[in-house]
Amino acid sequence: MPVVMDADRMGRSLARIAHEILERNRAVEELALVGIRTRGVPLARRIAQSIREINRHEIPTGALDITLYRDDLMRTAVGAQPVIRRTEIPFSIDNRRILLVDDVLYTGRTIRAALDALIEFGRPKAIQLVVLVDRGHRELPIKADYVGKNLPTSPSQSVQVHLTEIDGRDEVEILES
Amino acid sequence: MKKDLLSIDDLTRDEIYLILDTTEAMREIGQRPIKKVPTLRGKTIVNLFYEPSTRTRTSFEIAEKRLSADTLNIAVATSSVQKGETLADTALNIEAMAPDMIVMRHASSGAGHLLSRICRSRIINAGDGMHEHPTQALLDAFTIREHKQRIEGLKVTIVGDLLHSRVLRSNVKLLTKLGAEVWVSGPPTLVPPGIERFGVRVSPRVDEAVAGADVIMMLRIQQERMHGAFIPSLREYFHTFGMTRARVALARPDVIIMHPGPMNRGVEIASDVADGPYSVILEQVANGVSVRMAVLYLLAGGVDVD
């Protein structure tokens with residue numbers, strides 16, 4: 001089980017992404033972060049924290065659950081429905097530049113669902129995509145704007161992101177299945 | 001989850017908590033500018049109501065529409081049931097048009113079970129005679145948990161027409177399953193014999209049943225189901241069992257007062273209690289939509305293999 005990113009590397013990647021976000025978006029007051037549940041949420045909070053440390057600006061941060069928008073719901077006759085968690089976006093997304101945050105970008109289907117979900121909350125000025133790991137193998141025309149690490153993988157592998165807030169440690173590993 | 005939701009017996013403790021947690025997430029959808037998610041797109045749901053209902057039918061319909069299902073209401077007054085069709089035949093005819101779910105209310109206990117045996121569609125019981133009304137008990141549990149943060153260990157007192165009440169049976173099963181201490185009180189003519197076997201405490205004295213209660217749930221006097229003299233008069237009933245401010249004062253200071261509706265003001269509940277600060281009656285109605293969304297979503301998935 002090779003570890004491809006440790007806590008130190010993860011911290012640096014997120015700090016770099018925070019700088020890139022500020023470099024590309026002049027109007028900080030237009031920005032808002034939305035993390036995709038589960039692991040996109042703590043990542044979004046950490047990026048907000050980094051930005052606060054850089055320029056003392058507080059970026060509003062929300063959480064999005066995309067389960068009800070998945071394209072693979074109810075396609076099997078057996079097994080329980082996926083668990084739904086709460087969506088919390090306590091600000092208007094109208095005319096904001098939304099930074100959508102997820103841990104791993106793979107087929108792009110989660111992001112497709114997230115875009116559909118997000119649009120129902122209003123009309124943002126723009127949506128940009130932030131991911132900690134891009135592992136390739138896209139099935140939809142989706143591309144990240146900010147990437148922590150590009151990780152070439154084979155489809156038989158799985159990429160597991162561990163975060164202190166949820167898993168007790170910061171680490172990215174590749175598992176053979 | 002099983003194929004159908006006919007009774008609280010169909011649910012395990014874990015499934016009940018899963019429904020309550022899912023309800024929490026569904027409620028947020030109702031607060032959005034666009035109160036709709038695409039989840040049940042392309043699913044057809046038939047609401048088959050053999051008994052008059054405003055609250056439950058509307059609640060199911062809103063829940064179905066918020067999940068993007070195609071819904072269809074069959075009000076029996078305008079259907080071929082008036083021409084003498086049996087329930088089984090009506091069900092088979094609806095089934096032939098391949099709906100995914102049927103939500104049914106019927107005056108006969110066990111009508112949902114009959115449908116369940118002959119239909120491939122998933123059946124949700126929206127009230128069958130004097131038997132059960134599972135989604136009402138689930139929305140009551142959700143409302144209680146929201147106010148008290150738990151259900152286990154609470155004293156819940158249910159007062160009124162226990163005999164004719166499907167809400168009572170579903171609530172007793174659910175609340176005892178989750179570890180609440182359930183008390184019931186009502187006139188002896190309206191207490192079903194053997195109700196103690198469900199694990200509830202019975203008291204003919206409402207003041208004793210209400211003392212120290214965390215939750216008081218009032219049940220409607222169902223005159224339309226009473227064929228005989230169960231109570232001397234509505235006035236006397238109110239005097240002996242009606243929920244007044246004086247009786248509410250015997251419960252815990254943070255008690256909540258519930259009623260599944262429709263209320264008979266001045267019969268089982270005084271108006272100033274129904275509209276008073278302890279009343280969560282309209283919250284129950286609001287939560288009903290979210291609970292039904294949760295049930296529809298969870299039932300629409302695959303069947304458990306066992």
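Visitor: Which residues of α1(B) are buried?

Guide: This is a predicted model, so everything we read here is computed from it. The general idea comes first: an α-helix has 3.6 residues a turn, so residues three or four places apart point the same way. In α1(B), the buried residues are E15(B), I16(B), I19(B), L20(B), T22(B), T23(B), A25(B), M26(B), E28(B) and I29(B).

Visitor: What do the buried residues of α1(B) pack against?

Guide: Their partners are three helices of chain B: α5 (134–148), α6 (166–177) and α11 (281–299). S290(B) touches T23(B), M26(B) and R27(B), leaving aside residues up to four places away in sequence. Its relative accessible area is 7%, and S290(B) therefore counts as buried, the cut-off being under 20%.

Visitor: How much area do chain B and chain A bury between them?

Guide: The general idea is that the size of an interface is often given as the accessible area lost when the parts come together. Here chain B and chain A bury about 1,800 Å², with 62% of it on carbon and sulfur atoms. In terms of residues, 24 of chain B are in contact with 19 of chain A.

Visitor: How many polar contacts and salt bridges are there across the interface?

Guide: Four residue pairs are in polar contact between chain B and chain A, both residues being at pLDDT 80 or more. The rule finds one salt bridge across the interface: E24(B) pairs with R86(A), with the closest N and O atoms 3.8 Å apart. On the side of chain B that touches chain A, the elements giving two or more residues are α1 and α11. The largest share, seven residues, comes from α1(B). By type, the residues on that side divide into 14 nonpolar, four polar and six charged.

Visitor: How many salt bridges does the whole structure have?

Guide: A search over all chains finds 39. One of them joins R46(A) and E165(A), whose closest N and O atoms are 2.6 Å apart. That pair links distant parts of the chain, since R46(A) sits in helix α2 (residues 40–55) and E165(A) in helix α4 (residues 164–167) of chain A, 119 residues apart.

Visitor: Are R46(A) and E165(A) buried or partly exposed?

Guide: R46(A) is buried, with a relative accessible area of 18%, whereas E165(A) counts as partly exposed at 47%. Another pair to look at is E171(A) with R169(A), a salt bridge at 3.2 Å. There E171(A) is buried at 19%, and R169(A) is partly exposed at 34%.

Technical notes. Residues numbered from 1 in each chain as written. Chains lettered and ligands numbered in written order. Predicted model: local features only at pLDDT ≥ 70, side-chain atom pairs only at ≥ 80, totals over all residues. Heavy atoms only, no water. Buried < 20%, exposed > 50% of the residue type's maximum accessible area, 1.4 Å probe, protein only. Helix = DSSP H or I, 4+ residues; strand = E, 2+ residues; numbered from the N terminus. Contact = heavy atoms within 4.5 Å. Buried area = accessible area lost by both parts, 1.4 Å probe. Salt bridge = Lys/Arg side-chain N within 4 Å of Asp/Glu carboxyl O. Polar contact = N/O pair within 3.5 Å; in protein donor to acceptor, adjacent residues only side chain to side chain. Nonpolar A, V, L, I, M, F, W, Y, C, P; charged D, E, K, R; others polar.
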